[in-house]
Amino acid sequence: MKKTIIGAAIAIALAVSGTHAQSISPDELNSRSIQRRAIEAVIWGMPVVNYDLMLQEMFAKTEGKVGQAIYWGRPLDWHNQTLTPNPDALYFMVFFNTKDGPVVLDLPPGDNDGSFNGNIVTVWQMPLEDAGLLGADKGSGGKYLVLPPGYSGKPPDGYVTLQSDTFGGYMLFRSNLRSHGPADVATSIAYGKRLKVYPLAQAENPPATVFTDVKDVNYDSTIRYDESFFEHLDRMVQSEPWLQRDRAMIDQLKTLGIEKGKPFQPADATKTLLASAAREAGALLEAKYDAGLPPFFSTTSRWTFPAPPDLIKAAQEGYADPEQYPVDQRGMAYSYAYIGIKRLGSGQFYLISIRDKDGQSFEGGQSYRLTVPANPPVEQYWSVTAYDRQTHALIKNMSRASRSSQIPELQKNADGSVDIYFGPAAPAGKESNWVPTDPNRKFELMFRAYAPTKALFDHSWKLSDVERIAATVGGATKN
């Protein structure tokens with residue numbers, strides 16, 4: 001009844017204004033309102049839904065729980081369908097919740113047995129802190145204490161204190177690999193299992209941290225552009241406090257049936273509108289992504305920043321600038337990636353390419369070459385990974401997803417450069433430098449620089465654009 005009255009009032013107001021909108025019925029006006037607001041809700045809510053998709057996948061398909069650690073006991077393969085993950089590190093993921101009090105993330109120092117790069121974020125994937133070699137502890141390890149919203153107690157000494165504005169959050173802990181060999185993988189796993197997570201209340205006698213290996217799980221947190229998106233969004237609205245900067249969304253979401261303290265039970269007609277809006281929002285974000293991120297090395301470079309620079313700056317500052325809130329850019333970024341990094345460019349830096357040197361999209365049925373120049377500007381390692389262009393996850397059913405400077409058999413050219421090949425078949429004699437692609441799918445690339453040096457940022461070292469080539473398989477050339 002309330003919606004009908006509001007819709008009628010709008011229709012009357014438009015009619016009085018002399019427009020032709022008086023022919024639009026109140027029900028149609030209400031439907032249009034739901035559609036518009038649902039599109040904006042998808043864009044705004046993308047990072048928190050992205051988070052919940054990963055959390056719910058853990059609950060549904062693994063024995064892992066909040067306050068424990070799940071890990072992938074081998075370099076990631078296509079069974080991991082998270083967004084643009086790194087197949088050249090051992091992943092440990094810890095979801096935590098501070099509703100019952102502060103939580104300790106007790107992380108090991110870097111030593112002869114291993115090292116790590118880690119990031120700690122809120123449910124909105126806003127970075128709280130980086131950890132590890134180039135994080136707050138500078139490789140010496142440490143106890144990171146995550147405080148709940150509104151915490152008024154005095155934190156104890158000896159901790160890196162992180163004040164969160166949400167109850168939930170997670171840590172991504174990348175245990176670095178010396179190589180992909182079985183012995184080095186086992187060493188990296190053992191090192192990662194030295195991390196601990198426990199409530200501050202049990203710090204005097206912390207319980208053992210539970211680790212669950214999920215390497216064989218089809219762990220799929222790709223974005224679903226359908227009505228289920230709003231189920232995830234409602235779950236987060238119910239479980240987390242409203243942030244001051246987001247209070248304008250309270251009534252917007254009520255229009256969709258999402259209201260704190262009330263069940264989300266949309267009628268079938270509303271579900272249809274929500275599904276349509278999710279698809280349209282997905283198309284809008286894809287168009288924004290396809291238009292291209294800012295080029296990194298030059299105005300014509302096909303390698304781009306990993307996200308819009310204004311978003312990177314805003315997130316690193318906790319969205320504290322009252323004149324800036326790049327929600328559209330944030331929605332786009334979390335449609336193809338996850339995690340937030342406090343000091344992007346210190347521990348790691350990423351570059352994205354969605355087109356070849358000639359400006360054409362990467363086609364999985366074609367062959368390409370990337371030349372990585374000599375003396376890459378990294379103190380740890382570099383890697384390049386191919387992802388499915390549509391899902392932004394690792395390409396399904398491929399034997400591997402990347403090539404890395406950690407690979408001992410990687411062939412180098414006489415000048416120290418390295419050629420990496422992408423395509424449905426390996427060029428003759430180049431299997432060790434080849435990343436397979438699905439001939440029926442488009443793909444995209446991400447170049448990672450771990451512990452990057454100055455030469456990357458002053459562009460005295462430049463990554464070349466990817467070139468399409470004629471495939472040579474078994475000595476035969478195929479165009």
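In the predicted model, phenylalanine 59 is situated in helix H2. When residues up to four places away in sequence are set aside, phenylalanine 59 touches Gly64 and Val66. Aspartate 111, 52 residues apart from phenylalanine 59 in sequence, is 33 Å apart from it in space, C-alpha to C-alpha.

The packing of two helices is described by the angle and the distance between their axes. For H2 and helix H6 (residues 268-290), the axes come within 8 Å and cross at roughly 50°. The two helices are therefore oblique to each other, and their crossing is right-handed. On the H2 side, the contact is made by Ser31, Ile34, Gln35, Ala38, Ile39, Val42, Ile43 and Met46; on the H6 side, contributors include Thr270, Leu273, Leu274, Ala278, Glu280 and Leu285. Classified by residue type, the contact of H2 with H6 comprises 13 nonpolar, four polar and one charged residues.

The largest nonpolar core contains 99 residues, of which Leu105 and Phe230 touch the most other members. Helix H2 (residues 26-61) supplies the largest share of this core, with 15 residues. Residues up to four places away in sequence excluded, phenylalanine 230 touches Ala38, Ala41, Val42, Leu256, Ile258, Phe264, Leu274 and Ala278. Among these partners, Ala38 and Val42 of H2 and Leu274 and Ala278 of H6 also take part in the contact between the two helices. A second, separate core consists of 29 residues, among them Phe296, Ala386, Ile395 and Leu410.

Key: Residues are numbered from 1 along each chain as its sequence is written. This is a predicted model: local features need pLDDT of at least 70, side-chain atom pairs count only at pLDDT 80 or more; totals for chains, interfaces and linings use all residues. Side-chain values use heavy atoms; hydrogens and water are left out. A nonpolar core is a set of buried Ala, Val, Leu, Ile, Met, Phe, Trp, Tyr and Cys residues joined through side-chain atoms within 4.5 Å. Buried means under 20% relative accessible area, exposed over 50%, partly exposed in between (1.4 Å probe, protein chains only). Helices (H or I, at least four residues) and strands (E, at least two) are DSSP runs, numbered from the N terminus. Contact means heavy atoms within 4.5 Å. Axes are lines fitted to C-alpha atoms, for helices over the stretch in contact, and angles run from 0 to 180 degrees between N-to-C directions. Angles under 35 degrees count as roughly parallel, over 145 as roughly antiparallel, 65 to 115 as roughly perpendicular and the rest as oblique. A crossing is left-handed if the near helix is turned anticlockwise from the far one by less than a right angle, and right-handed if clockwise. Ala, Val, Leu, Ile, Met, Phe, Trp, Tyr, Cys and Pro count as nonpolar, Asp, Glu, Lys and Arg as charged, and the others, Gly among them, as polar.
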